[in-house]
Amino acid sequence: MAQNPAQSPTGQPQVADPLTPPSGAPQGALSGIRVLDLSRILAGPWATQILGDLGADVIKIERPDSGDDTRGWGPPWMKDEQGQDSRVAAYYLCANRNKRSVTVDMASPQGQDLIRQLACASDVLVENFKVGGLARYGLDYASLRALNPRLVYCSITGFGQTGPYAERAGYDFLVQGLGGLMSVTGRPDDEPGGGPMKVGVALTDILTGLYAANAIQAALAARQHTGLGQHVDMALLDVQLACLANQAMNYLATGRSPQRLGNAHPSIVPYQDFPTADGYMILAVGNDGQFARFCQEAGRADLAVDARFSTNRARVEHRQELIPILRHLTTARTTAQWIQALESCAVPCGPINTLDQVFADEQVLARGLRIEMPHPQVGQASLVASPIRLSETPVDYRLPPPVLGAHTDDVLAEVLGLDASALAALRTAGTI
């Protein structure tokens with residue numbers, strides 16, 4: 001674990017070995033790792049929440065008075081114990097569990113010095129400022145590496161630290177468009193409602209957070225062998241392109257840009273939504289045997305032996321002929337009737353649930369995917385559980401998303417050894 005920074009003969013904090021947790025420490029998978037979180041909004045906080053859920057001590061640095069931008073991103077606001085709107089934004093709660101909030105004025109020299117000292121007592125630093133934005137504060141990678149060579153420093157930007165777009169600000173929506181995701185999302189132009197469409201959540205931000213958390217842990221593993229940290233350069237555009245997966249490969253293999261197919265799959269048929277007597281269902285046929293069983297259940301066994309439809313390759317080629325036939329068949333039963341019948345013959349299918357149906361689903365309930373945590377401003381906060389299941393070092397929900405500055409005094413006293421008079425002086429100066 002990163003320890004309180006002792007002073008070296010040069011006056012600079014010395015860095016203790018952070019990989020040996022103290023006796024009796026909680027044994028989360030990342031117990032003993034301290035993360036200094038200078039990020040805000042979503043991609044960075046998503047990464048640091050993952051690290052916090054896995055046991056890391058995450059110190060979230062925020063601006064005095066306002067904090068992370070998402071604290072003000074409402075409505076919706078969480079309801080307090082009287083059922084009234086609080087000033088706690090639901091958005092903020094989605095990515096800030098298991099963190100301690102410390103308010104520091106980064107624009108002041110004293111604030112910059114506090115952050116440098118905290119960086120010297122940390123294993124990981126995560127930031128999502130514009131390229132070069134922290135250099136003027138002496139908080140860039142080169143400056144902090146000179147003080148703490150073991151620091152894993154993760155920068156999250158729209159376009160990375162290099163290249164002609166490096167100076168640009170990056171936003172999820174813009175990158176979904178620029179990076180190709182919207183070109184393959186939505187209905188074709190010649191259909192009602194056709195046109196490019198963004199994904200319903202800020203998926204590029206979230207995926208970048210996931211990649212960042214993986215990269216940080218890889219850098220920590222490498223440090224066990226080298227004794228040195230490194231700079232992790234994460235870009236939303238890089239992640240977006242990597243996550244086009246088979247669609248990117250379809251282009252590289254053919255030289256043709258994939259087209260929008262709505263909810264259909266470019267390489268598998270039938271694999272899309274279909275109308276039912278009372279709504280819609282998803283039919284996800286992955287092989288010829290499943291298609292034959294569906295046709296038998298639907299009373300059209302002849303389709304499975306028709307040369308146009310007997311193989312997946314043929315079904316892809318004759319998609320425009322097959323899909324209208326299947327859409328007519330599926331309207332004969334309700335969604336529930338189809339799901340019951342197709343599950344009994346091992347044909348993958350499912351409903352298209354709204355979120356109230358999702359959180360009432362028996363599997364979601366059985367997996368405990370909704371959790372409740374006490375919160376000082378709203379009483380109880382409902383949160384989405386981590387999907388990570390570790391048998392020996394399970395995720396631990398230790399801290400609710402923190403009130404702004406709730407841990408400032410505790411962290412600065414614990415990590416930097418500041419006493420009450422020093423904290424009072426910093427508060428009087430407006431540094432914290």
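Helices and strands here are DSSP runs numbered from the N terminus, a helix having at least four residues and a strand at least two. On that basis, strand E12 spans residues 280–284 and holds Ile-282. The model is a predicted one.

Tyr-271 is 11 residues away from Ile-282 along the chain, and the C-alpha atoms of the two are separated by 7.5 Å.

**Two further residues**

Thr-204 belongs to helix H6. Its relative accessibility is 2%, and because buried means under 20%, Thr-204 counts as buried. Not counting residues up to four places away in sequence, Thr-204 touches Asp-172, Val-175, Gln-176, Leu-236 and Gln-240.

Gly-163 sits in the loop between E9 and helix H5 (172–178). With a relative accessible area of 48%, Gly-163 is partly exposed. The C-alpha atoms of Gly-163 and Arg-116 are separated by 28 Å, and these residues are 47 places apart along the chain.

| Residue | Relative accessible area | Class |
|---|---|---|
| Thr-204 | 2% | buried |
| Gly-163 | 48% | partly exposed |

**The open sheet**

Six strands form an open sheet in the order E7-E4-E3-E8-E9-E10, and their pairing is parallel. At the edges are strand E7 (99–103) and strand E10 (231–235), each of which pairs on one side only. From one strand to the next the twist averages 20°.

Within this sheet, strand E8 (residues 124–127) and strand E9 (residues 152–157) run parallel and are joined by 4 bridges. Val-124 stands opposite Val-152 in E9. Helix H15 (residues 408–416) lies across strand E3 (34–37), strand E4 (57–62) and E7, and the helix runs at about 95° to E7.

**Helix H1**

Helix H1 is mostly covered, with 10 of its 11 residues buried. Among the buried residues are Ala-43, Gly-44 and Pro-45 towards one end, and Leu-51, Gly-52 and Asp-53 towards the other. Just after H1, Gly-55 takes a positive phi of about 115°.

**The largest pocket**

Rolling a probe the size of a water molecule over the atoms shows where empty space is left. The largest pocket in the model has a volume of about 1200 Å³. Its lining consists of 36 residues, and the closest to the pocket centre are Trp-46, Cys-94, Phe-359, Leu-383 and Val-384. Elements that give two or more residues to this lining are helix H1 (43–53), helix H2 (90–93), helix H6 (203–226), helix H13 (355–360) and strand E15 (379–384).

Helix H6 supplies the largest share of the lining, 7 residues. By class, the lining of the largest pocket has 28 nonpolar residues, with 5 polar and 3 charged ones.

Key:
Residues numbered from 1 in each chain as written. Predicted model: local features only at pLDDT ≥ 70, side-chain atom pairs only at ≥ 80, totals over all residues. Heavy atoms only, no water. 1 Å grid on protein atoms, 1.4 Å probe; cavity = no way out; pocket = protein on both sides within 12 Å on 5 of 7 lines; lining within 4 Å. Points joined across faces, edges and corners; volume = space filled by probe spheres on them. Nonpolar A, V, L, I, M, F, W, Y, C, P; charged D, E, K, R; others polar. Pairing = 2+ DSSP bridges. Axes fitted to C-alpha atoms, helices over the stretch in contact; angles between N-to-C directions. Contact = heavy atoms within 4.5 Å. Buried < 20%, exposed > 50% of the residue type's maximum accessible area, 1.4 Å probe, protein only.
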